[in-house]
Amino acid sequence: MNMKYTITTPLYYVNDKPHLGSSYTTIACDAIARFERLNGNTVLFLTGVDEHGQKIERTAESKNLEPQLHCDEITEKYKYLWDKLNISYDRFVRTTSIEHTSLVHQFYSKVLKSNDVYMGRQSGWYCVGCEEYKDVEDKDKSPICSIHKKELEWRDEENLFFKLSKYQDQIEKLIHVDGFISPKSRKNEIINFVSKGLRDFSISRVNLKWGINVPGNMDHTFYVWFDALLGYVSGSLNDQSSPELTEKSLCNWPANIHVIGKDILRFHAVYWPAMLLSAGMKTPRSVFGHGFLTREGQKMGKSVGNVLDPIELLEYGGIDAMRWYLLRDIEFGEDGDFQMRRFVDIVNSDLCNTIGNLLNRTITMSKKWFKENIPIDNTLSSDSTLKVQSEKKIIEYMESFKDSNFKSSANAIIDLANSANLYLNDRAPWKLIKDITNKNVVALDIYSVLESCRIIGILLNPIVPNLSNRILKQLNIDTSNINFKDSLQWGLLDPNNGLQDPTPVMDKIEFNEDPI
Ligand code: MSP
């Protein structure tokens with residue numbers, strides 16, 4: 001059944017150009033979006049940038065730029081990288097757009113109507129990097145943010161508060177709903193946090209110009225998180241030019257999944273649903289908090305000088321290598337370590353040797369022995385080993401993908417390719433063909449392997465769409481209308497289609513000690 005499916009990446013801060021972490025989340029979302037489209041769903045894939053707040057204001061100041069100019073500059077870098085990574089987003093949200101401002105105002109008036117806003121005094125230690133007040137035990141020493149390793153700043157100001165505490169029971173209920181928070185370990189973390197009792201939080205700032213003004217309190221701007229989370233709604237609206245919180249306009253809401261890093265899980269699984277409940281809106285169906293990437297065992301950071309620039313990695317390994325490695329090697333949900341040696345080895349082994357060679361040598365044999373073509377298919381009546389294996393692996397792939405377990409889905413593809421390679425080696429058609437009476441047997445074998453390649457090509461599509469297209473093109477398959485339901489049946493490779501001349505679908509990456 002065709003369903004609407006809305007998926008979001010975080011809206012990234014524009015304090016700096018995109019890095020490997022933001023690329024990782026976005027690639028994962030792209031894989032899910034492509035998977036859902038291939039499942040016949042109508043997907044709205046939303047990404048964008050979070051442009052307000054003190055962090056951005058200060059960065060612009062340090063560059064001697066107007067904040068808006070600075071934001072425009074960095075936003076372009078995000079869009080450029082997403083294009084290079086073939087990210088199939090449908091909407092790109094900017095929180096500085098007029099439409100978004102209008103939506104924030106409409107939403108705020110609903111929260112006001114629910115009687116959920118009051119003026120209070122906020123004092124505490126603030127991290128500008130996190131844009132968040134921190135709970136600090138020892139107030140005398142200058143406390144340091146555990147994430148940014150920078151000194152926290154003391155704040156004491158009049159702010160508007162949101163009555164989060166009023167939603168304690170509803171949030172407790174929501175976070176226990178099966179599938180709302182993944183993975184499980186992170187769910188427990190949130191349950192623990194909420195069980196300690198929710199405290200109201202401030203949703204406005206004074207002395208901060210770079211933000212959306214609060215109607216009725218003109219010396220206040222909205223707290224950047226209050227503003228940014230609403231970007232998900234403004235990006236999902238039906239009519240982007242005239243934002244309205246009507247049922248018709250909210251036809252893509254709620255989001256099916258917010259994919260985020262573990263650092264911002266509380267905002268998404270607790271604060272955000274409460275804000276939505278206050279405005280009488282639906283809460284997201286699920287939140288996935290993935291782990292963090294380190295590099296060669298160390299946290300990536302400018303001070304350590306080990307930040308991996310995604311553009312440089314792309315230039316070095318190419319798009320398929322980068323997407324494959326991140327989704328295939330790192331357990332989605334757990335922390336993962338980027339290792340250059342492993343990157344090169346895995347890509348060369350999986351994509352060049354196991355898959356690329358399989359396709360290349362089988363096309364070569366097929367063209368040589370069967371008049372430049374695919375042999376006539378007589379496998380439909382038979383239960384060939386590869387047919388059975390492919391059906392098994394398709395099921396594994398699908399089940400894992402539904403849980404965002406890309407690693408296990410990728411493994412299922414590699415298992416199938418390994419089986420096809422083993423099958424060829426066992427059958428040794430290059431020996432059998434020497435006796436002309438074996439021609440039908442060889443035809444069946446070659447057809448089965450080519451058909452496995454077709455299925456591998458389709459299964460690769462969400463993870464490495466470019467490579468998938470190159471594989472399917474060699475098999476002369478029209479990639480414009482593939483879908484899982486119709487395209488994954490065994491025996492669909494049409495012998496009359498012919499084959500392209502075999503050219504390697506994936507070039508090997510040369511390893512050198514310090515490429516980037
Ligand atoms: N602007 C907020 C999000 C607002 S959403 C309404 C924000 N932006 S951010 O630019 O700091 O992006 C944070 C996200 O980037 C993380 O949640 C994660 O998805 C990704 N990552 C940033 N560094 C990362 C790693 N080192 N490893 C993996 N992902 C990381 O927070």
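**Briefing: backbone, cysteines and a helix pair**

Asn207 is exposed, with a relative accessible area of 72% (exposed means over 50%, buried under 20% and partly exposed in between, with a 1.4 Å probe and protein chains only). The model is predicted, so local features need pLDDT of at least 70 and side-chain atom pairs count only at pLDDT 80 or more, while totals for chains, interfaces and linings use all residues. Residues are numbered from 1 along each chain as its sequence is written, and side-chain values use heavy atoms, leaving out hydrogens and water.

**Backbone**
- Most residues other than glycine have a negative phi, and most peptide bonds are trans.
- Asn207 has a positive phi, near 60°, and lies in the loop between strand 9 (204-206) and strand 10 (213-214) (strands are DSSP runs of E, at least two residues; helices are runs of H or I, at least four; both are numbered from the N terminus).
- Lys149 has a positive phi near 55° and counts as exposed at 60% relative accessibility.
- The peptide bond from Ser182 to Pro183 is cis, with omega near -10°.
- The bond from Trp253 to Pro254 is also cis, with omega near 10°.

**Cysteines**
- The whole structure contains zero disulfides (pairs of cysteine sulfur atoms within 2.5 Å).
- The sulfur of Cys127 is 3.7 Å from that of Cys145, the closest cysteine sulfur, which is too far for a bond.
- Cys127 is buried, at 4% relative accessibility.

**Helix pair**
- Helix 1 (residues 20-38) and helix 11 (residues 319-329) have axes that come within 10 Å and cross at roughly 85° (axes are lines fitted to C-alpha atoms, for helices over the stretch in contact, and angles run from 0 to 180 degrees between N-to-C directions).
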